[in-house]
Amino acid sequence: MHMVSMGSVWDRTAEFLSDNLGTLLPIALLAIFVPTTISSNLSGLQPSVTPGTAMLLGLGVFVLALVSFWGQLAVTALAIDPAQGRQASQLATRRFPAALLLMIVMVVVGIVLMIPVGVILAVGGIDLTTLEGSAMPDIPPSVAPWVFLYFLVLLVLGCWVMARLAVVIPSVVGDRLAIGAIARSWRLTRGIALKIVGVLILYVIVSIVANLAATTAFGAVMYLVAGRGEEGISLASVLTTIVGGAVSTGFTVLGTAFLAKLYIALLARHEAAATA
């Protein structure tokens with residue numbers, strides 16, 4: 001079977017980004033950077049406003065997340081077929097409902113997988129109805145090992161499943177699929193899951209470190225210069241979220257383009273195996 005080289009996929013990703021920068025820049029700025037930055041500032045306002053206003057802000061954050069998701073679809077469409085140019089945005093719009101449906105299904109599955117944790121806590125004597133949204137319950141020693149074990153198993157399986165579903169969004173865009181993109185990605189990534197896990201872990205670590213380094217260093221300077229201000233947002237926090245949004249946008253575009261190029265490489269491998 002033809003093997004897929006991650007190094008070659010990275011090279012094709014870098015070549016795509018450099019060759020299509022003019023088309024990518026408007027998408028990245030308007031559909032990813034702007035929503036991400038505004039969303040970060042809206043989230044910063046939520047703790048200091050009334051519950052009703054916080055709900056409206058939360059709705060705004062959700063809508064902005066949808067815009068950013070559309071932007072990633074547009075980058076995916078362009079990376080799969082750069083010849084589309086600005087028509088990639090139209091393809092992203094057409095595939096948006098199917099991609100959103102797929103994401104909803106995957107989120108529901110994730111919520112279902114968390115149900116056993118609630119069952120374990122309930123068996124341990126914790127009244128789940130008294131827990132606040134962000135409160136961490138005191139887990140009894142009798143059930144703590146079981147909770148830890150379950151999360152450990154979930155983490156390991158989660159990494160493997162994420163690798164097998166790495167090209168699910170490119171499959172939605174490239175193969176015009178919806179829920180069927182799950183099976184499509186599962187077939188394409190057969191035999192290469194461990195390589196994908198390694199790349200994903202490296203990507204997550206580098207992106208988190210880069211974002212923390214940028215926002216921490218820049219934020220510290222801004223807070224020293226402009227002060228922390230009142231509760232909520234301030235000039236320093238806004239400028240810090242702008243820097244963080246820029247770094248996050250860069251890594252989002254990079255990761256999205258890489259998965260699209262990985263999809264193309266896996267598709268070529270699959271077709272070569274089918275004709276062999």
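Is Phe96 buried or exposed? Phe96 is buried, with a relative accessible area of 18%, because buried means under 20%. The model is predicted. Searching the whole structure turns up four aromatic pairs, and two of them are described here.

**Phe69 and Phe96**
- The ring centres of Phe69 and Phe96 are 6.0 Å apart, with the planes at 55°, so this pair is tilted.
- Phe69 belongs to helix H3 (residues 51-80) and Phe96 to helix H4 (residues 87-123).
- The pair therefore ties together parts that lie 27 residues apart in sequence.
- Phe69 is buried, at a relative accessible area of 14%.

**Tyr203 and Phe251**
- Tyr203 and Phe251 form an edge-to-face aromatic pair. Their centres are 6.1 Å apart and their planes stand at 65°.
- Tyr203 sits in helix H8 (residues 193-226), while Phe251 sits in helix H9 (residues 235-275).
- This pair therefore links parts that are 48 residues apart in sequence.
- Tyr203 counts as partly exposed, at 23% relative accessibility.

**Helix H5**
- Helix H5 covers residues 144-164, which makes 21 residues.
- At 1.5 Å a residue, helix H5 should span 30 Å. Its end C-alpha atoms are 30 Å apart, so the two values agree.
- Val147, Tyr150, Ala163 and Arg164 are buried in H5.

**Arg164 and Trp186**
- Arg164, one of the buried residues of H5, lies over the face of Trp186.
- The distance from Arg164 to the ring centre of Trp186 is 4.4 Å.

Key: Residues numbered from 1 in each chain as written. Predicted model: local features only at pLDDT ≥ 70, side-chain atom pairs only at ≥ 80, totals over all residues. Heavy atoms only, no water. Helix = DSSP H or I, 4+ residues; strand = E, 2+ residues; numbered from the N terminus. Expected span 1.5 Å × (residues − 1). Buried < 20%, exposed > 50% of the residue type's maximum accessible area, 1.4 Å probe, protein only. Phe/Tyr/Trp six-rings, centres within 6.5 Å; stacked < 30°, edge-to-face > 60°. Lys NZ or Arg CZ within 6 Å of the ring centre and 35° of its normal.
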